[in-house]
Amino acid sequence: IGGGTVVVLGPSGERVFSSERTCRVCQRGFFKPDPEDLSFNSRRGRCTKCDGYGSVRNKVCPTCNGARINETGRNIRLLDKNIFELTALSSVELRAALKKISADTSLSFISDPIIQELNGKLDTLTHLGLDHLSLNRECATLSNGELQRLRLGTAIGSPLCGVTYIFDEPSAGLHPADNKRLLGKLVELKDRGNTVIQIEHEIDNIRAAEEIIDVGPGAGTHGGEIVFQGTVSEAVASKGS
């Protein structure tokens, strides 16, 4: 009868209850929240001042303060943080924040499947040695090794099979312990029915391969010939290995 709004008259005066997305103080109405409100790639979600770039004339946008999204998106909050503030966290910090949400059983029917998926992605970042990065880090600022591992994490999270993946020295810059975890993820990707090709010089990665193709005899203009093709054991037993 009230169209989603009711005014209750009590001893202390009137109180307004509404299911509509309207602020009774400023009388502003709002559209139903949408994922596009949280995306600077969306016309609906991007900041109108900087057009979603976060800066104006090489300075931080005075309207969104670098968040790149508009007022609506900046005021959708979780744990008192908007999406820009949450993505400024590292995966370790975000994981700790998600534990606080998990502890609230009243939200579990909504949050559990979402948190489970997020934790899976955060686990992948940890396994690939990328948990030190903030989630909003620009790809252009990453090293080649970090960028490849990030792409690997995306591939691992995809259900695709029958795909050929080529990685150029994915072990570059990795601690041996992190490289071991990386190899485990590459095997996982292969076991899903994909072909994984590594261009590598790291001995542990070569030993983990099912087949080796050695191109030489030298580098650059002195290379280009296949000098060996076979398994690791065959490579070890081959003349001049």
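Reader: Where does arginine 68 lie?

Author: Arginine 68 sits in the loop between strand E4 (59-60) and helix H1 (71-74). Those labels are DSSP runs numbered from the N terminus, with at least four residues (H or I) for a helix and at least two (E) for a strand. This is a predicted model, so local features need pLDDT of at least 70, side-chain atom pairs count only at pLDDT 80 or more, and totals for chains, interfaces and linings use all residues. Residues are numbered from 1 along each chain as its sequence is written, and side-chain values use heavy atoms, leaving out hydrogens and water.

Reader: What makes the phi of arginine 68 worth a mention?

Author: Its value is near 75 degrees, which is positive in a residue other than glycine. Most residues other than glycine have a negative phi. Leucine 79 is another case, with phi near 55 degrees, and it lies in the loop between H1 and helix H2 (83-87).

Reader: Why is leucine 79 called partly exposed?

Author: Buried means under 20% relative accessible area and exposed means over 50%, with partly exposed in between (1.4 Å probe, protein chains only). Leucine 79 has 38% relative accessibility, so it counts as partly exposed.

Reader: Why is H3 called roughly antiparallel to H4?

Author: Helix H3 (residues 91-102) and H4 pack at about 160 degrees, with axes 10 Å apart. The axes are lines fitted to C-alpha atoms over the stretch in contact, and angles run from 0 to 180 degrees between N-to-C directions. Under 35 degrees counts as roughly parallel, over 145 as roughly antiparallel, 65 to 115 as roughly perpendicular, and the rest as oblique. The angle therefore makes H3 roughly antiparallel to H4.

Reader: And why is H4 oblique to H6?

Author: The axes of helix H4 (residues 108-127) and helix H6 (residues 176-191) come within 8 Å and cross at roughly 130 degrees. That makes H4 oblique to H6.

Reader: Which residues of H4 and H6 meet?

Author: Contact means heavy atoms within 4.5 Å. Thr124, Thr126 and His127 in H4 meet Asp178, Arg181, Leu182 and Lys185 in H6. By class, this contact has one nonpolar, three polar and three charged residues. Here Ala, Val, Leu, Ile, Met, Phe, Trp, Tyr, Cys and Pro are nonpolar, Asp, Glu, Lys and Arg are charged, and the others, Gly among them, are polar.

Reader: What about the peptide bond from glycine 216 to proline 217?

Author: That one is cis, with omega near 0 degrees. Most peptide bonds are trans.
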